[in-house]
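Here's a quick briefing to read with the structure open beside you.

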Amino acid sequence: MRASILKQGHILIASVQGSMSDADLTQLREQLLHGVRRHRSTGVIVDVTLIDVMDSFAARTLRGISQVVKLLGAQVVIVGIQPDVAFAMVQLGLTLEGTTTALDLEDGLAVLQEQLAEGPAADGQ
Amino acid sequence: MARADRKGGALLAEGAPEANEITERELESRKAFLEFRDADIEHLTEINDVARRYADGVIDDFYRHLLSFEETRAFFTDPQVLQRVKGLQKDYFLELTQGKYDLDYAQNRLRIGAIHERAALPVKSYLGMYNFYLRAVAVRLAEAYQKQPKKGWEAFLSLMKLTFLDIGLAIDTYIASRERTIGKQQEAIQELPTPVLPFREGMLLVPIIGLIDSQRARQLTEQLLGAIRSNRAKVVVVDITGVQSVDSRVANHIVQTIEAARLMGARVIIAGVSPEIAQTMVTLGIDLGRILTVGDLQSGIEHAEHLLGYTVVRGGQRVNGAA
């Protein structure tokens with residue numbers, strides 16, 4: 001397993017390792033989806049700080065995770081995209097449309113808390 | 001006074017390192033355009049004797065004319081300089097009718113042109129001097145060829161072709177020098193650093209001034225994205241008030257930078273978009289919906305403050321309110 005998933009209250013935090021194969025990424029998606037169901041999580045943070053190359057499969061998978069998790073009623077924030085990775089992604093047209101991004105874990109948590117405070121999930125608390 | 005001396009000194013300076021080069025082919029094409037042919041060389045060599053006879057008179061008239069105007073007088077305040085320049089002028093005058101108009105001749109003209117340019121002799125004076133020359137010679141040719149007016153006229157036309165060849169070369173040195181200056185200035189503009197300034201907690205201000213080319217745009221991207229990470233910025237205000245125009249590649253690059261910043265969780269506000277740049281953006285079909293643009297820097301900062309949740313209150317009002 002190349003990604004570690006931590007549970008912090010209602011939030012799941014997935015740290016992605018430097019190099020992830022397509023199978024690893026697919027596995028990460030399955031784990032996250034099941035994790036959200038099982039723990040009734042309201043937010044997911046995917047930390048990609050260690051990724052130095054983001055290919056189209058990885059970008060598509062991240063976007064897929066974001067969309068599917070949203071259908072399960074939770075929010076996803078992708079954090080830690082490095083400057084050169086970000087620019088390379090844009091040049092490849094991988095702009096992660098419709099996903100929320102933040103600088104790092106700290107900012108990501110802040111964004112989630114803000115969103116959850118005003119989102120419908122907060123009403124159920 | 002010192003200024004005039006320096007000018008005089010420059011007039012006598014040997015060699016001009018920045019003198020332009022001319023090729024045999026270029027010289028031939030210039031001659032062809034002026035219809036300067038072998039017959040002209042003949043005409044000119046035929047009047048060599050006349051030129052010799054009149055040289056001193058023409059040169060004296062010429063310098064009397066130059067010294068009667070303040071602008072040109074400033075170049076000849078030193079009598080020694082004047083004497084030396086007169087000698088050189090006479091050499092040139094005689095060279096005009098010596099029948100040797102090869103590459104060396106042209107190089108020499110370029111060198112002389114460069115010396116005048118360095119001495120800051122205005123082009124108008126340069127042209128005026130040539131005009132005076134031609135008129136002085138025309139009068140004397142008419143005198144010398146009273147009995148053969150056709151011959152005198154032919155010689156004068158040939159001389160006119162040659163002097164225009166010389167003028168063309170001299171003016172080129174002026175233009176080349178200006179272009180070098182412009183080139184240097186453009187380099188200087190392009191090397192202007194683009195500072196990334198932390199403006200408030202979580203806010204960066206990036207003022208861009210001057211020309212943006214691809215290289216500078218790339219540099220800007222690196223700096224900007226790097227600064228977002230190191231300053232933990234959430235909003236970046238890029239002020240492009242001082243940018244007159246961008247080409248389509250650079251505009252695209254900037255848009256990509258904005259997208260990349262978004263992936264890093266930061267929003268970019270472009271402030272001070274000029275009508276020309278706005279036009280470029282629209283012509284490019286760039287999706288402006290995703291780019292936050294405002295008219296001026298003040299609106300940009302206000303917008304950024306709003307995004308970050310800052311409220312700016314005037315100090316005096318706050319004191320009043322608290323009281």
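Let's start with one residue pair: Ala3(A) has Val16(A) in β2(A) as its bridge partner. That pair belongs to a predicted model, and the predictor gives the complex an ipTM of 0.83 and a pTM of 0.59.

**The chain A sheet**

- Chain A has an open sheet of five strands, in the order β1-β2-β3-β4-β5, and the pairing is mixed.
- At the edges sit β1 and β5 (100–102) of chain A, each of which pairs on one side only.
- From one strand to the next, the twist averages 25°.
- β1(A) and β2 (residues 11–16) of chain A are antiparallel partners, with six bridges between them.
- The hairpin of β1(A) and β2(A) has two residues between the strands, and there Gly9(A) takes a positive phi near 60°.
- Within β5(A), Ala102(A) is the bridge partner of Val79(A).

**Helices of chain A**

- α1(A) lies across β1, β2 and β3 (43–47) of chain A, and runs at about 170° to β2(A).
- α2(A) lies across β3 and β4 of chain A, at about 155° to β4(A).
- How do α1 (residues 22–39) and α2 (residues 56–71) of chain A sit against each other? Their axes come within 10 Å and cross at roughly 10°.
- Angles under 35 degrees count as roughly parallel, and α1(A) and α2(A) are therefore roughly parallel to each other.
- On the α1(A) side, the contact is made by Asp22(A), Leu25(A), Arg29(A), Leu32(A), Leu33(A) and Val36(A).
- α2(A) brings Phe57(A), Ala58(A), Thr61(A), Gly64(A), Ile65(A), Val68(A) and Val69(A) to that contact.
- Sorted by class, the contact of α1(A) with α2(A) has nine nonpolar, two polar and two charged residues.

**Two arginines with positive phi**

- Arg40(A) isn't a glycine, yet it has a positive phi of about 50°.
- You'll find Arg40(A) in the loop between α1 and β3 of chain A.
- Is Arg40(A) buried or exposed? Arg40(A) counts as exposed, because it has 12 C-beta neighbours inside 10 Å and the cut-off for exposed is 12 or fewer.
- In chain B, Arg232(B) also isn't a glycine and has a positive phi of about 50°.
- Arg232(B) is in the loop between α10 and β3 (235–242) of chain B.
- With 16 C-beta neighbours inside 10 Å, Arg232(B) counts as partly exposed.

**Chain B overall**

- Chain B holds 14 helices and five strands.
- Of the 323 residues in chain B, 27% are buried.
- Among the contacts in chain B with a separation of 6 or more, 83% come from residues 24 or more positions apart.
- Mean pLDDT for chain B is 84, with 90% of its residues at 70 or more.
- Watch residues 1–19 of chain B, where the pLDDT is below 50; this stretch has 33 contacts in the model beyond near neighbours in sequence.

**The chain B sheet**

- Five strands of chain B make an open sheet with mixed pairing, in the order β1-β2-β3-β4-β5.
- Its edge strands are β1 (197–200) and β5 (292–294) of chain B, each pairing on one side only.
- Direction ignored, neighbouring strands of this sheet are turned by 30° against each other on average.
- β1(B) pairs with β2 (residues 203–209) of chain B in the antiparallel sense, over three bridges.
- Opposite Pro198(B) you'll see Leu204(B) in β2(B).

**Where the chains touch**

- The contact takes 14 residues from chain A and 13 residues from chain B.
- On the chain B side, the elements that give two or more residues are α10 (214–231) and α11 (248–263) of chain B.
- α11(B) gives the most to that side, with five residues.
- By class, the chain B side has five nonpolar, four polar and four charged residues.

Terms used: Residues are numbered from 1 along each chain as its sequence is written. Chains are lettered from A and ligands numbered from 1 in the order in which they are written. This is a predicted model: local features need pLDDT of at least 70, side-chain atom pairs count only at pLDDT 80 or more; totals for chains, interfaces and linings use all residues. Two residues are in contact if their C-beta atoms, placed from the backbone, lie within 7 Å. Helices (H or I, at least four residues) and strands (E, at least two) are DSSP runs, numbered from the N terminus. Ala, Val, Leu, Ile, Met, Phe, Trp, Tyr, Cys and Pro count as nonpolar, Asp, Glu, Lys and Arg as charged, and the others, Gly among them, as polar. A residue is buried if 20 or more other C-beta atoms lie within 10 Å of its own, exposed if 12 or fewer, and partly exposed in between; C-beta atoms are placed from the backbone. pLDDT is the predictor's confidence in each residue, from 0 to 100. Two strands pair if DSSP finds at least two bridges between them. Axes are lines fitted to C-alpha atoms, for helices over the stretch in contact, and angles run from 0 to 180 degrees between N-to-C directions. Angles under 35 degrees count as roughly parallel, over 145 as roughly antiparallel, 65 to 115 as roughly perpendicular and the rest as oblique.
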